[in-house]
Amino acid sequence: MAERKTTYVDALYKKLVREFLIQKFQFETIVGLAGPDINDYLHHLENKGCKEFEIYENNSMVALQQLAKVRSQAKVAIVCGDILDANPYKPNTLFDLDFCASVRFLQEHIAKFKENFIMTFSYRIGLQETIDTFFKARNETVLAEENVISPLPHTVYTTENGSYLFIKYFDTSAMCCFAKI
């Protein structure tokens, strides 16, 4: 029987999805949530040309641990607080929002960020409810849906406000990402 992962530090599918989505964006500044290994996160994005990071962490102890671990040549600001306090209109910035929770509890976050984002959620509430709740929170109607097989299976949703890439995967649990370029 295969060993079940309990963290995303070595999550193969998450990393493949992140690689697929991040190559769709060309930004030097990232506002986001670094996850369990801040140096892996920073290093990966620095290799993609990112030079400035604003990392949010709600837990002050975790924020201090992240600050102590940072080994990056980039400009890194660790903010102890809610990502909702970030400026969603910061120019030339990618918002990398790895929530890993259900959309049911993140509707305020979903509505706040308008462009240039990747949002990661759990879809344990069901795939269709996740998709419907996401677009309802954004006050958008899906006008078209295109399933794409390569390089990773994903869906392009088109609304009156543009296109979104949607991709689902499973590492420790059922996860999905919405990206708006």
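Which residues does Val142 touch, not counting residues up to four places away in sequence? In this predicted model, Val142 touches Phe135, Tyr157, Thr158 and Thr159. Two of these residues, Phe135 and Tyr157, also belong to a cluster linked by ring pairs.

**Val142**

- Although Val142 and Ile125 are 17 residues apart along the chain, their C-alpha atoms are separated by 20 Å.

**Aromatic rings**

- A pair of aromatic rings is described by the distance of the centres and the angle of the planes.
- The count of aromatic pairs in the model comes to 14.
- In the pair of Phe117 and Tyr164, the ring centres are 6.3 Å apart and the planes stand at 50°, so the pair is tilted.
- This pair links distant parts of the chain, since Phe117 lies in strand S5 (residues 117-122) and Tyr164 in strand S8 (residues 162-170), 47 residues apart.
- Phe117 counts as buried at 0% relative accessibility, and Tyr164 likewise counts as buried at 0%.
- In the pair of Phe134 and Phe178, the ring centres are 3.7 Å apart and the planes are at 5°, so this pair is stacked.
- Phe134 belongs to helix H5 (residues 127-137) and Phe178 to strand S9 (residues 174-180), so that the pair links distant parts of the chain, 44 residues apart.
- Phe134 is buried, with a relative accessible area of 0%, and Phe178 counts as buried at 0% relative accessibility.
- Ring pairs link Phe99, Phe117, Phe121, Phe134, Phe135, Tyr157, Tyr164, Phe166 and Phe178 into a cluster.

**Packing of helices H1 and H2**

- Helix H1 (residues 12-22) and helix H2 (residues 38-46) pack at an angle of about 35°, with their axes 12 Å apart, and their crossing is right-handed.
- On the H1 side the contact involves Lys15, Arg18, Glu19 and Ile22, which meet Asp40, Tyr41, His44 and Leu45 in H2.
- The residues of this contact divide into three nonpolar, one polar and four charged.

**Salt bridges**

- Side chains of opposite charge can pair when their charged atoms come close.
- The count of salt bridges in the model comes to 10.
- Lys15 forms a salt bridge with Asp40, in which the closest N and O atoms are 3.8 Å apart; Lys15 lies in helix H1 and Asp40 in helix H2, so the pair ties together parts that are 25 residues apart in sequence.
- Lys15 counts as partly exposed at 32% relative accessibility, and Asp40 is also partly exposed, with a relative accessible area of 28%.
- Arg18 forms a salt bridge with Asp40 as well, the closest N and O atoms being 3.7 Å apart, and this pair again links distant parts of the chain, with Arg18 in helix H1 and Asp40 in helix H2, 22 residues apart.
- Lys51 forms a salt bridge with Glu28, where the closest N and O atoms are 3.6 Å apart.
- Lys51 lies in the loop between H2 and strand S2 (52-57) and Glu28 in the loop between H1 and strand S1 (29-32), so the pair ties together parts that are 23 residues apart in sequence.
- Glu28 counts as partly exposed, at 46% relative accessibility.

Definitions and conventions:
Residues are numbered from 1 along each chain as its sequence is written. This is a predicted model: local features need pLDDT of at least 70, side-chain atom pairs count only at pLDDT 80 or more; totals for chains, interfaces and linings use all residues. Side-chain values use heavy atoms; hydrogens and water are left out. Axes are lines fitted to C-alpha atoms, for helices over the stretch in contact, and angles run from 0 to 180 degrees between N-to-C directions. Helices (H or I, at least four residues) and strands (E, at least two) are DSSP runs, numbered from the N terminus. A crossing is left-handed if the near helix is turned anticlockwise from the far one by less than a right angle, and right-handed if clockwise. Contact means heavy atoms within 4.5 Å. Ala, Val, Leu, Ile, Met, Phe, Trp, Tyr, Cys and Pro count as nonpolar, Asp, Glu, Lys and Arg as charged, and the others, Gly among them, as polar. Rings of Phe, Tyr and Trp (its six-membered ring) pair if their centres lie within 6.5 Å; planes under 30 degrees apart count as stacked, over 60 as edge-to-face and the rest as tilted. Buried means under 20% relative accessible area, exposed over 50%, partly exposed in between (1.4 Å probe, protein chains only). A salt bridge is a side-chain nitrogen of Lys or Arg within 4 Å of a carboxyl oxygen of Asp or Glu.
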